[in-house]
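This report covers the fold, the nonpolar core, the surface and the confidence of one model. The sequence and structure come before the details.

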Amino acid sequence: MAISISMVLLLTILAVIFLRSGGLKVSHALVCALLGFLLASSSMAPTIHNGLLATADIVSSLRP
């Protein structure tokens with residue numbers, strides 16, 4: 001569990017650095033994909049899923 005949390009933290013930091021640099025390369029996309037897979041298997045996955053569903057509900061209820 002400790003290794004998984006430290007990997008999530010490391011990959012999160014790397015993803016933020018890559019996004020701030022402005023140039024998304026193949027290696028950057030792989031890091032972001034690995035971060036997604038690690039987050040999906042963590043205990044935060046249900047919270048992230050519920051947050052995304054709530055955001056989608058809010059956006060779909062908006063009228064132009």
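**Fold and basis**

The protein chain has three helices and zero strands, where helices (H or I, at least four residues) and strands (E, at least two) are DSSP runs numbered from the N terminus. Along the sequence the pattern reads α-α-α.

The model is predicted: local features need pLDDT of at least 70 and side-chain atom pairs count only at pLDDT 80 or more, while totals for chains, interfaces and linings use all residues. Residues are numbered from 1 along each chain as its sequence is written, and side-chain values use heavy atoms, with hydrogens and water left out.

**Nonpolar core**

Seven residues make up the largest nonpolar core: V8, L11, A15, F18, V31, L35 and L39. Such a core is a set of buried Ala, Val, Leu, Ile, Met, Phe, Trp, Tyr and Cys residues joined through side-chain atoms within 4.5 Å. The elements giving two or more residues to this core are α1 (2–21) and α2 (26–40); the largest share, four residues, comes from α1.

Leaving aside neighbours within four places in sequence, L35 is in contact (heavy atoms within 4.5 Å) with V8, L11, T12 and A15.

**Burial and surface**

Of the 64 residues in the protein chain, 12% are buried. Buried means under 20% relative accessible area, exposed over 50%, and partly exposed in between (1.4 Å probe, protein chains only). The protein chain exposes about 5,200 Å², of which carbon and sulfur atoms supply 75%; accessible areas come from the Shrake-Rupley method with a 1.4 Å probe, and for residues only the protein chains shown count as cover.

I13 lies in helix α1. This residue is partly exposed, because its relative accessible area is 45%.

**Confidence**

The mean pLDDT (the predictor's confidence in each residue, from 0 to 100) of the protein chain is 77, and 89% of its residues reach 70 or more. Among the elements, α1 has the lowest mean pLDDT (74) and helix α3 (residues 45–61) the highest (83). Where pLDDT is low, the predicted coordinates should not be read in detail.
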